[in-house]
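Q: I have a model open and want to learn how to read it. Can we take it feature by feature?

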Amino acid sequence: MMMSEFRRIGGELHCEGTPLETLARRFGTPLYVYSESSIRKNFKRFDKSFEGSDHLICFAVKANSNRAVLRSLGDLGAGADVVSGGEIYRASLAGIDPVRMVYSGVGKSIAEMEQAVEAKILMFNIESFSELKVLDEVAGRAGKRARISLRINPDVDPRTHPYVATGLKNSKFGIRIESVLEGYERARGLKNIDVVGVDCHIGSQLSSIDPFVEAVTRVKEVASTLRDRGFDIRYLDLGGGLGITYDRESPPPIEEFGSAMRAVLKGERAKIIVEPGRSIVGNAGVLLTRVLYTKKAEGKRFAIADAGMNDLMRPSIYGSFHAIEQVVEKGREPEMTDVVGPVCESGDFLAKDREMPALRAGDLIAVMSAGAYGFSMASTYNSRPLAAEVMVKGDRHALVRQRGSYEDLVRGERDPEFS
Ligand SMILES: *Cc1c(COP(=O)(O)O)cnc(C)c1O
């Protein structure tokens, strides 16, 4: 098994020193379980990889926005890459100072911009000219200046899933490289805007270094051109996107990513910002689910689990692979299996056509590598309450989000007056 913090002790899968079966009994399923040590370790690896250059690792909150996760990272000095007012709120609650937040995303609303300007975040990563103009107005009304980078779209193919490629010419993200200089000149003309950096983010789950090198080389070129024109570029934001091993992918280790980036940025005096999400939390979490029923069809077995696409959306929307492990080894013969959820959709599956030890009703299984874009993408579709989340530290554990209730499902709903 590739994830050292999830390992078998006496045939039974543990998170650090804690048996997963114990957690499932205590808190029920579906249940997300995170390894605190693993999260910390990954963050420290990023931090250390950029040691010696002025840098800030801004965790991409959308990958896992549980407050306990954010708190652990914040305690280590992490900043936050946020994409909404809600994420600014969460990250602040978890103790991350807004001066360590960068705000990305193509659709920041006026209210969100006001919130971010008031909070005095480090920098807005601007994705269009119209956004820039609105931010200037918002900052002006607040009597403040907003620090910005433009998110350049370097037109680099990240060679990843099309849904998570964000740096191609035809993408909705960023500003086309041809228009970037014009954008910076416009920004310079705005009264309430301080141009401080250059930003990019080319996609997610990248498994090779080359696209990063290409993109950051462009960022560096843009920064150098801007300096020639008299801009004071103090931040280079490289985005996130480093991949993890779900199956057989072999993405570069964090250290290799760091040294490749530092090689490109040699001699650079700006502060380097990196926005990793998945590579910090992805392999630090699993989703525990219990098999409710099994049934046979056309030479394979369906195992119907109590977690579905509403709990973990990645298989349904990206066709993603997640390894599935029996928490307690039963030594059964392998069988062609589809692990599916209870949701009324054919797209509701966790694993398809998987040759794996036969599953029986009552078995506890762990959906591996579920720490990123797992709970944070969950919904209550089919009126299924949100799963609970537990954080483990050695042989200790804490419930860091209680299971959703039926009352939670209808919170805020009301009957219309006219009924
Ligand atoms: C999603 C996102 C990230 C994080 O991506 P990962 O693949 O999880 O590392 C970083 N920056 C921006 C702008 C993003 O949208």
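Q: How far apart do the C-alpha centres of domain 1 and domain 2 lie?

A: Keep in mind that this is a predicted model. The two C-alpha centres, of domain 1 and domain 2, are 35 Å apart. Nine residues from domain 1 and seven residues from domain 2 make the contact. Domain 1 covers 6-34 + 282-410, and domain 2 covers 105-274.

Q: What do domain 1 and domain 2 bury between them?

A: About 730 Å² is buried between domain 1 and domain 2, with 56% of it on carbon and sulfur atoms. Next, check the polar side. One residue pair is in polar contact across this interface. Zero salt bridges cross between domain 1 and domain 2.

Q: How many salt bridges does the whole structure hold?

A: Start with the idea. Side chains of opposite charge can pair when their charged atoms come close. A search of the whole structure gives 30 salt bridges. One of them joins Lys271 and Asp54, at 3.7 Å from N to O. Lys271 sits in strand E13, and Asp54 in the loop between helix H2 and strand E5, so this pair ties together parts 217 residues apart in sequence.

Q: Which residue forms a salt bridge with Arg384?

A: Asp311 does, and the closest N and O atoms are 2.8 Å apart. This pair links distant parts of the chain, 73 residues apart. Arg384 lies in the loop between strand E19 and strand E20. Asp311 lies in the loop between strand E15 and helix H11.

Q: Why does Arg384 count as buried?

A: Buried means under 20% relative accessible area. Arg384 has 17% relative accessibility, so it counts as buried. Asp311 is buried too, at 2%. Arg384 touches residues including Pro30, Asp306, Pro342 and Leu409.

Q: Which residue pairs with Arg332 in a salt bridge?

A: Asp363, with the closest N and O atoms 2.8 Å apart. Arg332 is partly exposed at 24%, whereas Asp363 is buried at 3%. Salt bridges can also form a network: Arg8, Glu325 and Glu329 are linked in one.

Q: How many disulfides does a search of the whole structure find?

A: A disulfide is a covalent bond between the sulfur atoms of two cysteines. The search finds zero disulfides here. Look at two cysteines anyway. Cys15 is buried, at 0% relative accessible area, whereas Cys344 is exposed, at 66%.

How values were computed:
Residues numbered from 1 in each chain as written. Predicted model: local features only at pLDDT ≥ 70, side-chain atom pairs only at ≥ 80, totals over all residues. Heavy atoms only, no water. Helix = DSSP H or I, 4+ residues; strand = E, 2+ residues; numbered from the N terminus. Buried < 20%, exposed > 50% of the residue type's maximum accessible area, 1.4 Å probe, protein only. Contact = heavy atoms within 4.5 Å. Disulfide = S-S within 2.5 Å. Domains from an automatic or database assignment. Buried area = accessible area lost by both parts, 1.4 Å probe. Salt bridge = Lys/Arg side-chain N within 4 Å of Asp/Glu carboxyl O. Polar contact = N/O pair within 3.5 Å; in protein donor to acceptor, adjacent residues only side chain to side chain. Lists of a residue's contacts leave out its neighbours within four places in sequence.
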